[in-house]
Structure formats: C-alpha cells, structure tokens
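Subject: Structure handover

Hello,

Here is the structure we talked about passing on.

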Amino acid sequence: MRSYTAEVLVLGKTKLGETDLILTLLSSDNKQIRAVAKGARKPGAKLCGLSEPFMVFEGKFHVGKTLNIISEAKATEAYAEIRSSYDCLMAGSVILEIATQVTNDGDDIPRLYAMTRTFLDVLSSASEKYVQVLVSAYLLKALAMMGYSPEYELCIKNERLAQLFRSTFEEVVRRKLPEESVELKSESKKQLSDLRQVMNFTEKHLPVNLKALTQYRRSL
C-alpha cells in the first residue's frame, strides 16, 4: 500500500461506524485530503485529540481506494486560544468552511494553506475588535483565489474593502483604530456593514449551503 507524509490542518470531521472518524484536511501543498482516523472516537485514543477542527499535525497516510488512512500523527499546533473565545471560534469556523469549499473539486489553490494558517495565527492573538475585519479580509482573498471578482464588484465601490483586499492579515491587525469611544463605535458599525456585504457576496456566488457562515451571521 502506497503511503506519504503531510502536514495538515483539520477542517472538519464526520462519524464513521462506531469508533472511527472521517477527517477533512487541508494539506500544506494546498490539497484537500479525506482520511479515516481509526478508533479516534474511543476515549483516550491517540487520534482523538488530533481529530478536532483547527488542529494541525504531521501525519503519515496510506492511500486507499476512496479514502486515505491515517497511520501516524504528531500534533504541531492546536489553536487553543481560538477554541476558548466564542467570537474567534465562530469566525474560525467560517474560514474552515470556506477552505473546505475552495478545495472541494480536488484542485490545489496556490497559497491557500499558508493564507489559512496565517489567518488562524493572527486570529489566535488578535483583539476581538479585529475579528470581523479579519473575516472580511479572508473571504475577499479566498473568493479571488476561486476566480470571482470581489475587487471589482465590491472593492471598487468601497474603499475600506479595497484596503482590506490589498492588505495582509498582519497589516490589518497593526492598523490603529480611533481611541475615542464614539469614533470606535462608529468604526465597529462600519466593519460590521463591510462584513455583511462580503458575506452576501460569498453566499451569492458559492452555490452551497454554508452552515457556519449562516450561524456566524446570526451571531452578529
């Protein structure tokens, strides 16, 4: 049986039988992998903790007819800070869902893994006031990677979104918000309005039911 190794980010999981899980993974070479984690639902199983969304691990995989099988795995990042914050967890779930959809057709999207990891790195340490603007930035960039035209359809009409489209996540976080409470409240309203525009654009162009995006919208 052919095998290979890869660094992967866990995007999602589904139950298989009584004790196994099927993991949806994004590999460091920007491909989606669907692999079986045998016995991962058993208490204390080695793969139990590694099978949660947001986990990053180095794995050895055996190639199967329809699904690959994880034979070895070692955690490299857990993003515990994201899991401990409701706002960050909701926002991060949207990004994992989008990354899943981007790679559903089997094609690799250059820089997607690096971009997604960078987003999670920044989200895990950023102030909550930046969460909405970070989600907007990721969605804009991911949509462009998929061949849509947010820069033309959204950014041409909204200078704030145009700046997000051109910025890196680190640049977004470094941006100073007004200190005055009235101005800060006004800025927060602008960020929420921008995010809703980007979410509407995403739902319009992706012909799938985006559950995490819908839940995130309702939480705002």
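Predicted model: local features only at pLDDT ≥ 70, side-chain atom pairs only at ≥ 80, totals over all residues.

Residues are numbered from 1 along each chain as its sequence is written, and side-chain values use heavy atoms, with hydrogens and water left out.

Whole chain

The protein chain has five strands and nine helices; helices (H or I, at least four residues) and strands (E, at least two) are DSSP runs, numbered from the N terminus. Read from the N terminus, the order is β-β-β-β-β-α-α-α-α-α-α-α-α-α. The radius of gyration is 18 Å, close to the 17 Å that the globule rule gives for 220 residues, so the chain is as compact as a globular protein of that length. That radius is taken over C-alpha atoms, and the rule is 2.2 Å times the number of residues to the power 0.38. The C-alpha trace spans about 60 × 35 × 25 Å along its principal axes.

Of the 220 residues, 46% count as buried (under 20% relative accessible area, with a 1.4 Å probe and protein chains only). Among contacts (heavy atoms within 4.5 Å) between residues at least 6 apart in sequence, 62% join residues at least 24 apart.

Helix α2 covers residues 86-102, 17 residues in total, and reaches 25 Å from its first C-alpha to its last, close to the expected 24 Å. The expected span is 1.5 Å times one less than the number of residues. Of the 17 residues in α2, 12 are buried, including C88, M90, E97 and V102.

Helix α3 takes in residues 112-125. Its 14 residues reach 20 Å, close to the 20 Å expected. α3 is also mostly covered, with 10 of its 14 residues buried; among them are Y113, R117, F119 and S124.

Residue Q191

Q191 belongs to helix α8, which runs over residues 181-205. Is Q191 buried or exposed (exposed being over 50% relative accessible area)? Q191 is buried, with a relative accessible area of 6%. S136 is 55 residues from Q191 along the chain, and the C-alpha atoms of the two are separated by 8.6 Å.

Regards
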